[in-house]
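Hi everyone, thanks for coming.

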There are 2 protein chains.
Amino acid sequence: MKRITMKDLAKEAGVSVATVSLVLNKKASHLSQATIDRVERLAKELGFVSNLHAKSLKTKQSQTIGLILPDITNAFFTQMAKRIEYHLTQAGYLLLLNHTDGVAIQEIMAIKRFKQLHVEKIVLVASHVSTYHFVEEHRLNHFVIFLDRIITKPAFCWVGSDDYQGGALVARALIAHHHYHVLCVTGPSHFTNVQERLAGFREVYQQNNHPYDVVCLEGDFTVDAGDRLAKTIFKHPYKAIFFMNDLMAIGFYHACMEAAISIQEQYAIIGYDDIEFVRYLSPPLTTVRQPIDAMARRVMHLILDEGEMHEKLPVTLISRKSLYAKREEE
Amino acid sequence: MKRITMKDLAKEAGVSVATVSLVLNKKASHLSQATIDRVERLAKELGFVSNLHAKSLKTKQSQTIGLILPDITNAFFTQMAKRIEYHLTQAGYLLLLNHTDGVAIQEIMAIKRFKQLHVEKIVLVASHVSTYHFVEEHRLNHFVIFLDRIITKPAFCWVGSDDYQGGALVARALIAHHHYHVLCVTGPSHFTNVQERLAGFREVYQQNNHPYDVVCLEGDFTVDAGDRLAKTIFKHPYKAIFFMNDLMAIGFYHACMEAAISIQEQYAIIGYDDIEFVRYLSPPLTTVRQPIDAMARRVMHLILDEGEMHEKLPVTLISRKSLYAKREEE
DNA sequence: TTGTACGCGTTATCAA
DNA sequence: TTGATAACGCGTACAA
């Protein structure tokens, strides 16, 4: 029951703790093979496990990374977490996870908690400007890596994907299918994400010499939002819809199902994120895929203090059947 | 940049570290209000954050819980993690998350890592018998709480749901819709889960005085498995299918879509878990819901050393449209 | 080749 | 009402 410490081990092996430490940390090149073997054998036998708290206290390195997400239920974040966790474990790090429900206070609390635990870096998907302020005020700029929801200030470390390009990609796909009147279901408008996607989207339409109209509805990136906004959408004459994340598109699918409306016959839809599930919807959802693993790798580089402080990775359009050609302009 | 310690704080305030410690831990009932105020003010001003490693070293309490999951991408585990994380945070604990891909070695590695970090308890969804052995060998019985995938030995702590009942529920629903020839797509047969569900399922059919037949196909709880097994299922004459988790059912939906087979017209399907997405499938999936939050609460109780060591919680059938009455027996 | 001694940031036990 | 001081378990100069 009692925990074996290095002291116990030393006594048992008839050597000093210093010797034990050297052996266990593979810095025993100058020790006799006999003692090395003895110590290692005993460590195994007694089931010695080093105390990371003591180690961290001494070395000031915790081998621990904190990840703060708004929602571990959102498949996009989950996939991201999985990749990050994978790379981290490979590199010998431990992952601490905190969930904030997208609430500002929770985000700041999470940062504080992680600071207490002396995690080496925090990877943060922040939903509020106040969190950025907090990081700035406390001079945590090099301690926090912002992920996905970006405020593009040079003082911050961040990794994200190219939202402007994503918006443009969607617009081009819609235009290719002759949609010039489109509804745009955004997320909260203070997200840089949202602004960028919209900017890219609008830019493409403007470049294109054809009259067009874009009407925005603001959602909050939840399934529920898509479901609720459906009522408004049903009444609207426009039939091409760009949902700024897949979750809201799913909500809309659901509303259509309830209302016995056939999406294939009535709507042209594009989502964003390419979460795993959307390919199983009917019709399968056309969407913009963010390069999750590449982003996770960049995060790793930032953790290891390599590479650029800012990374904006390219996205790709995944064409599925939810985007049909509109036959004629109304 | 440099971290403020209690020593710094003590010097600044002109008191001893002991005093500082007392103030910060709210055990200063016998100190003068003046010093209390001074210390607290300075702590705020200098941005003092206590070092949890030092604290843990001393108190032997890390306020940390380790959660080991096979797959943080599986919506069922994710929802579970969310609830556990929620209750944990409420209680002032930190959550360490580890992902194992369902690989035996990874599971054991994760346990070791968490031991090093002196987490107070480990919550473990284990996929391998070898992991149970490991826990037993190392006398970790009271250190590990097994979740969901249970080996029902009294020596272990575990929290799960009533798989036997779940299987029975499914059978009764199928019988109510006059299905007496059914396919059963299971998970790996060494899972106690799978055995129990099957036992409950069979029992109900046996009790019912009507000729019946149950054919099992073994999957591995992934979407892919459902997709692959579809080929076999298509060739089979039986049209009622019990998938032992929703993911495999989703895979089957996908295969049907690819093959242009209408589920509504051809099949009666029941899944298991009630992950969020299945209600958005078409047709929405009938499935067995596990009481996720109740399970998370039990886990909390076990962490806090309250309540029974073993908990098996009741499940409920969620009826949706994937289960139609079969019109006539073939 | 190995051991001694100290420090990391806390808490807890005394004594003052 | 406060302050020394000894742990906690580990790493690491430096000495032997």
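This is a predicted model: local features need pLDDT of at least 70, side-chain atom pairs count only at pLDDT 80 or more; totals for chains, interfaces and linings use all residues.

Let's start with DNA strand C. It is surrounded by 27 residues, and the closest are A:Ser16, A:Thr19, A:Lys58, B:Ser21 and B:Lys58. By class, this surface has 12 polar, 9 nonpolar and 6 charged residues. Which part of the DNA does the protein meet?

Now for some individual contacts with phosphate oxygens of DNA strand C. A polar backbone atom of A:Ser16 is 2.7 Å from one, and a polar side-chain atom of A:Thr35 lies 2.9 Å from one. From chain B, a backbone N or O atom of B:Asn51 lies 3.0 Å from a phosphate oxygen. Which element gives the largest share of the surface near this strand? That is helix 4 of chain B, with 4 residues.

On to the sheet. In chain B, 6 strands form an open, mixed sheet in the order 7-6-8-9-10-12. Strands 7 and 12 stand at the edges with a single partner strand each, so one side of each has no neighbour in the sheet. On average, neighbouring strands are turned by 20° against each other, direction ignored. Strand 12 runs antiparallel to strand 10, joined by 3 bridges; B:Arg289 has B:Thr316 as its bridge partner.

Finally, helix 8 of chain B packs on this sheet, and its direction makes about 165° with that of strand 9. Helix 11 of chain B packs on the sheet too, at about 145° to strand 9. Thanks, everyone!

Methods
Residues are numbered from 1 along each chain as its sequence is written. Chains are lettered from A and ligands numbered from 1 in the order in which they are written. Side-chain values use heavy atoms; hydrogens and water are left out. A residue is near a molecule or strand if one of its heavy atoms lies within 4 Å of it. A polar contact is a pair of N or O atoms within 3.5 Å; within protein, one must be able to donate a hydrogen and the other to accept it, and residues adjacent in sequence count only if both atoms are side-chain atoms. Helices (H or I, at least four residues) and strands (E, at least two) are DSSP runs, numbered from the N terminus. Ala, Val, Leu, Ile, Met, Phe, Trp, Tyr, Cys and Pro count as nonpolar, Asp, Glu, Lys and Arg as charged, and the others, Gly among them, as polar. Two strands pair if DSSP finds at least two bridges between them. Axes are lines fitted to C-alpha atoms, for helices over the stretch in contact, and angles run from 0 to 180 degrees between N-to-C directions. Contact means heavy atoms within 4.5 Å.
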